[in-house]
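Open your viewer and keep the selection tool handy. We will go from stop to stop, and at each one you select something and look around.

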Amino acid sequence: MLSPLQLSRIPDRAETLRPAVRAFLAEALAGRPADRLARSWMGFDAAFSRALAARGWVGLTLPREYGGGGKDAFHRFVLAEELLARGAPVSAHWIADRQSGPLILKYGSSAQKDFFLPKICAAEAFFCIGMSEPQSGSDLAGLRTRAARTAEGWVLKGQKLWTTNAHRAQYMIALVRTSGSPEDRHQGLSQVIVDLSLPGITVRTIGDLAGDAHFNEVFFDDVQLPADALVGEEGAGWAQVTAELAFERSGPERIYGSIVLFDAWLGHLRSLQRASESDLILAGKLLAHLAPLREMSLALTARLAEGASPVIEAALVKDLGTEFEQALPNLLADALYASPEGPPPEMLLRTLHYVLQVCPTFSLRGGTREILRGVIARALGLR
Ligand SMILES: Cc1cc2nc3c(=O)[nH]c(=O)nc-3n(C[C@H](O)[C@H](O)[C@H](O)COP(=O)(O)OP(=O)(O)OC[C@H]3O[C@@H](n4cnc5c(N)ncnc54)[C@H](O)[C@@H]3O)c2cc1C
């Protein structure tokens, strides 16, 4: 059921984190050009992730006994907001921090928690998400990769697609079929942790339009997994993945994808003798859209902090958030090319062109717009 989002505010105890993060980022990111910063959570920099971990800023919400920060979702919101607003290259640890760690904490065995969580908090173990397959993106329940039980553990066979960072992560949490057939849909699916250095795994990188190489095809050719590769219960993979998607879809990264560009454009307007009336109106309009989105993302953070799994509310925020992220570069392109000021600075143009190229993906990754709207329609009792 769809429960109304309650406005929330960041408690003072979490706000106290902000100045320290700002000060660290001002130094760590000094001199990085805007077109590089615009990659933000697509930007992979293991050394940067380790520098954050050294300050206790990876695994902030994981318990202290595993090396985590023992803080709540509001602290993570503040940290994530600062990292994204500055364009910090957080891709290396982002998936482990956002969803693999919390998933292992919730469903993993004691041995899995002891082994993986300290490595995640130290930014020594990076994870990727093995959900999509060639015929199963939106239709995730139809996936065909299979883990068959053996006397020693599991044998994994199949293929994943669009796996972000599979070529640089040590581990994948894969959703696979452990019993039945693809026609059984949500029944018979399980999650396994795959050590990507195992024999029988081939990772092939796919380049994107912007010239970056972040996603991959991953082939499993009779890969032998140990018995304890299973996370949570066998056959409960669908429910576990649904809970994981609430983390994946709810965060501020779903509203701040174009924020470095917005900031660079505002900087450009400030540098002009006098910005045009239409630019001032556009700046106001964009902020008027962003402010309530931030409030919605914050309301979801409050639900996460209570331990809830706001899957449907996360679909609402991601749908609206990605609409904003995609509209922003297009509106700025129209404004910049119509400007009487002549050609904009080269770095602003490079940043604009990068964001224009990648923004169509914003509403694909983590579940497409149509799929999210179907989830919302179901919550309204319409499907
Ligand atoms: C940048 C990026 C990073 C990604 N990283 C990962 C990752 O790390 N791990 C991972 O597992 N996946 C990842 N993905 C894959 C992503 O989750 C899928 O691309 C997405 O779920 C859509 O699946 P698909 O590409 O197979 O498209 P399809 O499912 O074939 O969809 C094609 C189009 O048809 C529409 N459509 C499909 N079914 C319906 C329906 N029932 N009703 C109405 N419209 C429908 C879709 O909305 C879409 O517009 C990533 C994708 C991108 C773009």
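Leaving aside its neighbours within four places in sequence, which residues is Val 194 in contact with? Select Val 194 and find Leu 156, Gln 170, Tyr 171, Met 172, Ala 174, Ile 201, Phe 220 and Leu 225. Contact here means heavy atoms within 4.5 Å.

A word on what you are viewing. This is a predicted model, where local features need pLDDT of at least 70, side-chain atom pairs count only at pLDDT 80 or more, and totals for chains, interfaces and linings use all residues. Residues are numbered from 1 along each chain as its sequence is written, and side-chain values use heavy atoms, with hydrogens and water left out.

**Stop 1: the cores**

Along with Phe 48, Leu 83 and Trp 265, Val 194 has the most contacts inside the largest nonpolar core, which has 82 residues. A nonpolar core is a set of buried Ala, Val, Leu, Ile, Met, Phe, Trp, Tyr and Cys residues joined through side-chain atoms within 4.5 Å. Buried means under 20% relative accessible area, exposed over 50%, and partly exposed in between (1.4 Å probe, protein chains only).

**Stop 2: a helix pair**

Next, show helix α6 (residues 91-107) and α7 (110-121). Helices (H or I, at least four residues) and strands (E, at least two) are DSSP runs, numbered from the N terminus. The axes of α6 and α7 come within 10 Å and cross at roughly 160°. Axes are lines fitted to C-alpha atoms, for helices over the stretch in contact, and angles run from 0 to 180 degrees between N-to-C directions. The two helices are therefore roughly antiparallel, a label for angles over 145 degrees.

Now pick out the contact. From α6 come Ala 96, Asp 97, Gly 101, Ile 104 and Leu 105; from α7 come Gln 112, Lys 113, Phe 116, Leu 117 and Ile 120.

**Stop 3**

Move on to the loop between α7 and β1 (127-130), where Phe 126 has its place. Is Phe 126 buried or exposed? Phe 126 counts as buried because its relative accessibility is 2%. Beyond four places in sequence, Phe 126 touches residues including Phe 44, Ser 49, His 93, Arg 168 and Tyr 171. Also find Asp 97: its C-alpha atom is 8.8 Å from that of Phe 126, although the two are 29 residues apart along the chain.

Ala 123 lies in this loop too. Its phi is positive, about 55°, although it is not a glycine. Most residues other than glycine have a negative phi. At 0% relative accessibility, Ala 123 counts as buried.

**Stop 4: another positive phi**

Jump to Ser 40, in the loop between α3 (34-37) and α4 (46-54). Ser 40 is not a glycine, yet its phi is positive, about 40°. Ser 40 counts as buried, at 7% relative accessibility.

**Stop 5: an arginine in a helix**

Select Arg 76 in helix α5 (residues 73-86). At 15% relative accessibility, Arg 76 counts as buried. Not counting residues up to four places away in sequence, Arg 76 touches Leu 60, Thr 61, Trp 94, Asp 97 and Arg 98.

**Stop 6: helix α13**

Finish at helix α13 (residues 369-379), whose buried residues include Leu 372, Val 375 and Ile 376. What covers the buried residues includes α8 (237-250) and α11 (311-338). After α13 comes Gly 381, with a positive phi near 75°.

Conventions:
Angles under 35 degrees count as roughly parallel, over 145 as roughly antiparallel, 65 to 115 as roughly perpendicular and the rest as oblique.
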